[in-house]
Amino acid sequence: MDFDLNEEQRLLKESIDGLLTDSYDFESRKKYMKEKGGWSKAVWLKLAEQGLLGLPFSEADGGFGGGGVETMIVMEALGKALVLEPYLATVVIGGGFLRHAGTDAQKAAHIPGIIDGSKTLAFAQLEKNSRYDLFDVSTTAKKKGDGWVIDGEKFVVLNGENADTLVVTARTKGNRRDTGGIGVFLVPANAKGVTKKSYPTQDGLHAADITFTGVEVGSDAAIGNPEDSLALIERVVDEARVALCAEAVGLMDESLKTTVEYIKTRKQFGVAIGSFQSLQHRASDMFVAAEQARSMSMFATMAGDFEDAKERANAIAAAKAQIGKSAKFVGQQSIQLHGGIGMTMEARIGHYFKRLTMIENTFGDTDYHQRRVADSGGLI
């Protein structure tokens, strides 16, 4: 199997690496964190100018027709640079719903704004007691005339503060944990009845808890079948998990690089601590863990195109479990090899560990995905 990038993919990698090298050093990131919503509009527009926001959309929709490998390249680069901008929430997740199930009218209303950087989205899915179960939905969407009325609460909505449109999961029929009767709705973030409580998360991103009180939307707000959209939600969330795996690989690469540079220069007893064999062994183990994660990220990227939903889900669950294990190991070793300075806000290595920790807990932690693999009869 050929894992080499083709010419177009190499150019894409060089393009985004060059952009982020120029625009996203650690000091610049600190400044971007202080902007409204916790990210830079100027950087977001630069991503749009490079065509990166239109990457996964079809040419018919104004995009570039990129696939899983292209998204993997972008997410890995975003991870290396600790990028704060809502690429995952807007392009991968929000765009994923539109690509897979959006009507022509919905695509025309939203995709051009995503591509040119004028519009961002947020996925409002997590609820108070749902944990990682995508089918656990208490928020309701009830028919009113030709439209819908949405009531409920969503928590830790990434980019919820700044998003122009919310992609909301809501129950149209059945009980809280029924797998049927779940719909996906496009809700304007400024709609009457939408209230937000925003806050920074541990990794420097921003999220919001959002309450929907009698929020009225039209019949054109539903994406796909409003009574049977769980398969759609699972498909898009699987793609988000694949993207997170790639981002984590970028984070681990940079964590390893930063740590090795540190132990080569940090001196103890008059010599660089990197000369101590026990620390060299630790660095070697970190390299192995990062390479295992890279292999599983590539596997997940290929699995994202599997048509069999169960086969796709099992493969991506296995990848997410391994990514979680590797992320924890690489992150913890990075902090330990840095010593006390690794715990300070001034040292960037701690920010890599925080983001890796958040990724491990997003859309299912390691234990959750190991159980999924085990229940399917697989091994990990």
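The model is predicted: local features need pLDDT of at least 70, side-chain atom pairs count only at pLDDT 80 or more, and totals for chains, interfaces and linings use all residues. Residues are numbered from 1 along each chain as its sequence is written, and side-chain values use heavy atoms, with hydrogens and water left out.

**Domains**
- UniProt (unreviewed entry) places "domain: Acyl-CoA dehydrogenase/oxidase N-terminal" at residues 6-117; such annotations may be inferred rather than shown by experiment.
- That span is 67% helix and 0% strand, with its end C-alpha atoms 27 Å apart.
- Helices (H or I, at least four residues) and strands (E, at least two) are DSSP runs, numbered from the N terminus.
- The same record puts "domain: Acyl-CoA dehydrogenase/oxidase C-terminal" at residues 233-375.
- Residues 233-375 are 79% helix and 3% strand, and their end C-alpha atoms lie 21 Å apart.

**Helix 7**
- Helix 7 runs over residues 230-265 and has 36 residues.
- From first C-alpha to last it reaches 52 Å, close to the 52 Å expected at 1.5 Å a residue (1.5 Å times one less than the number of residues).
- Of its 36 residues, 29 are buried (under 20% relative accessible area, 1.4 Å probe, protein chains only).

**Largest pocket**
- The largest pocket holds about 560 Å³ of space.
- Of its 23 lining residues, Leu126, Val156, Asn361, Thr362 and Phe363 are closest to the centre.
- A pocket is an open set of points on a 1 Å grid over the protein atoms alone, where a 1.4 Å probe fits, with protein on both sides within 12 Å along at least five of seven lines; lining residues have an atom within 4 Å of a point.
- Strand 3 gives the most to the lining, four residues.

Key: Buried < 20%, exposed > 50% of the residue type's maximum accessible area, 1.4 Å probe, protein only. Points joined across faces, edges and corners; volume = space filled by probe spheres on them.
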